[in-house]
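Here are my notes on this model, point by point. Please read them with the structure open.

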Amino acid sequence: QSELRKELLDAFTNAGDSFLSGQYIADLIGCSRTAVWKHIEELRREGFELEAVRRKGYRIIRTPEKLTADEIRLGLKTKFIGKNIFYEESVESTQKIAHQLAYENVPEGTVVIAEEQISGRGRMDRKWHSPKYTGIWMSLILRPQIPLTKAPQLTLLTAVAVVQAIEEMTGLIPEIKWPNDILINGKKVTGILTELHAEADRIHSTIIGIGMNVNQKQEDFPNELQTIATSLFIEKGEVITRANLIKHIFANIEKLYFLYLDEGFFPIKLLWESYAISIGKQIRARTLTTTIEGKALGITDEGVLQLEDQHGKIHSIYSADIEL
Ligand code: BT5
């Protein structure tokens with residue numbers, strides 16, 4: 001059943017503004033004209049707006065407001081990212097579900113997306129505020145054949161993909177704060193959380209969590225986030241269609257991921273540096289055990305931050321919170 005729906009939606013996508021005749025659809029998915037009509041009615045019930053014109057057929061004029069896996073699939077041009085979507089109304093955390101799926105060996109590129117997370121999380125078990133219908137809360141499973149030490153590169157790659165997607169959709173130009181914050185006007189609009197399953201020193205799966213504030217209004221944020229968080233709506237003043245944004249993110253991650261597999265981290269690093277705010281500046285890095293102040297020199301080919309303290313000693317920072 002869902003295969004048929006997918007075929008139908010793909011056909012509408014490929015048709016663009018043109019109409020698809022009932023007979024054409026019937027032949028395509030191998031069913032009767034009556035069954036076609038039933039499928040169309042079902043799409044209507046789910047919020048698709050379809051135009052039907054005698055002797056011409058059908059075309060989709062609007063997709064539903066709620067984020068659905070179908071809406072994301074409609075027009076998605078990637079080869080593998082987002083081809084397999086688990087969409088949930090409400091979950092504890094999409095990371096948790098993705099971890100489970102990764103164990104079950106789902107195909108690479110599988111994504112878990114939820115409208116709401118009850119206990120969304122950041123790094124070190126910090127909370128991630130994920131209210132219903134207003135943001136993008138999703139986890140992507142990738143299986144690159146790279147050693148464990150290179151895993152942080154995927155966080156940086158994802159950050160570049162997200163920044164570019166925001167730029168393409170809104171014209172806003174976000175900045176990246178090492179390693180995983182995306183900021184607009186100094187406030188956090190997106191956080192990325194990369195976790196992994198590994199055997200020996202090889203990666204089995206990486207689970208890349210992306211949390212993006214899209215349509216929240218200022219008053220939607222809890223007190224503790226008021227001064228540090230923002231959304232695309234707040235910055236742009238327009239409601240952004242989440243499904244389109246997700247498609248841009250998928251397409252960009254896939255493009256950069258292929259580039260990464262072909263040419264390594266270097267081209268990604270250059271892109272990342274062009275969006276990074278902390279490089280060349282005096283910063284404070286709080287790691288689990290200490291705080292180091294110094295000048296951020298850049299990142300290594302591994303994605304490790306290099307910090308030069310006042311004595312000229314260079315520290316390699318693998319994981320930390322950065323204060324500017
Ligand atoms: C992150 O952690 O920035 C990673 C966030 C990853 C969230 C995604 S959503 C989909 C997937 N499923 C999950 O359960 N998680 C991932 P970190 O750098 O540790 O930042 C956490 C801090 O950001 C918190 O302590 C708050 O100060 C702040 N914060 C929490 N919610 C926020 C929000 N919606 N917008 C901006 N900042 C927020």
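1. Where is Asn105 found? Asn105 sits in the loop that links H5 to strand E4 (111-117). Keep in mind that this is a predicted model. The phi of Asn105 is positive, about 60 degrees, although the residue is not a glycine. Most residues other than glycine have a negative phi. Asn105 has 52% relative accessibility, and the cut-off for exposed is over 50%, so Asn105 counts as exposed.

2. Met124 also deserves a check. Its phi is positive, about 50 degrees, and Met124 is not a glycine. Met124 belongs to the loop between E4 and E5. With a relative accessible area of 45%, Met124 is partly exposed.

3. Next, a peptide bond. Trp178 to Pro179 is cis, with omega near -5 degrees. Most peptide bonds are trans. Pro179 is in the loop between strand E6 (175-177) and E7.

4. Now the largest pocket. It holds about 820 Å³ of space. Its lining counts 37 residues. Those nearest the pocket centre are Lys127, Trp128, Lys188, Leu225 and Ile228. By class, the lining has 14 nonpolar, 13 polar and ten charged residues.

5. Which elements supply that lining with at least two residues each? They are helix H5 (94-103) and strands E5 (135-142), E7 (181-184), E8 (187-199), E9 (202-213) and E14 (321-323). E8 gives the most, with five residues. Why does the pocket lie between two domains? Domain 2 (69-275) and domain 3 (282-323) both give residues to the lining, so the largest pocket lies between them.

6. Is H6 largely enclosed or largely open? Of its 19 residues, 15 are buried, so H6 is largely enclosed by the rest of the structure. Gly171 follows H6, with a positive phi near 80 degrees.

7. Helix H2 (residues 22-29) has Gly22, Ile25, Ala26 and Ile29 as its buried residues. Viewed down the axis of H2, these buried residues fall within an arc of 100 degrees, so they line one face of the helix. An α-helix has 3.6 residues a turn, so residues three or four places apart point the same way. After H2 comes Gly30, whose phi is positive, near 65 degrees.

Note on methods. Residues are numbered from 1 along each chain as its sequence is written. This is a predicted model: local features need pLDDT of at least 70, side-chain atom pairs count only at pLDDT 80 or more; totals for chains, interfaces and linings use all residues. Side-chain values use heavy atoms; hydrogens and water are left out. Buried means under 20% relative accessible area, exposed over 50%, partly exposed in between (1.4 Å probe, protein chains only). Helices (H or I, at least four residues) and strands (E, at least two) are DSSP runs, numbered from the N terminus. The arc is that of the directions from the helix axis to the C-beta atoms. On a 1 Å grid over the protein atoms alone, a cavity is a set of points where a 1.4 Å probe fits but cannot get out, and a pocket is an open set with protein on both sides within 12 Å along at least five of seven lines; lining residues have an atom within 4 Å of a point. Grid points are joined across faces, edges and corners, and a volume is the space filled by probe spheres set on the points. Ala, Val, Leu, Ile, Met, Phe, Trp, Tyr, Cys and Pro count as nonpolar, Asp, Glu, Lys and Arg as charged, and the others, Gly among them, as polar. Domain bounds come from an automatic or database domain assignment.
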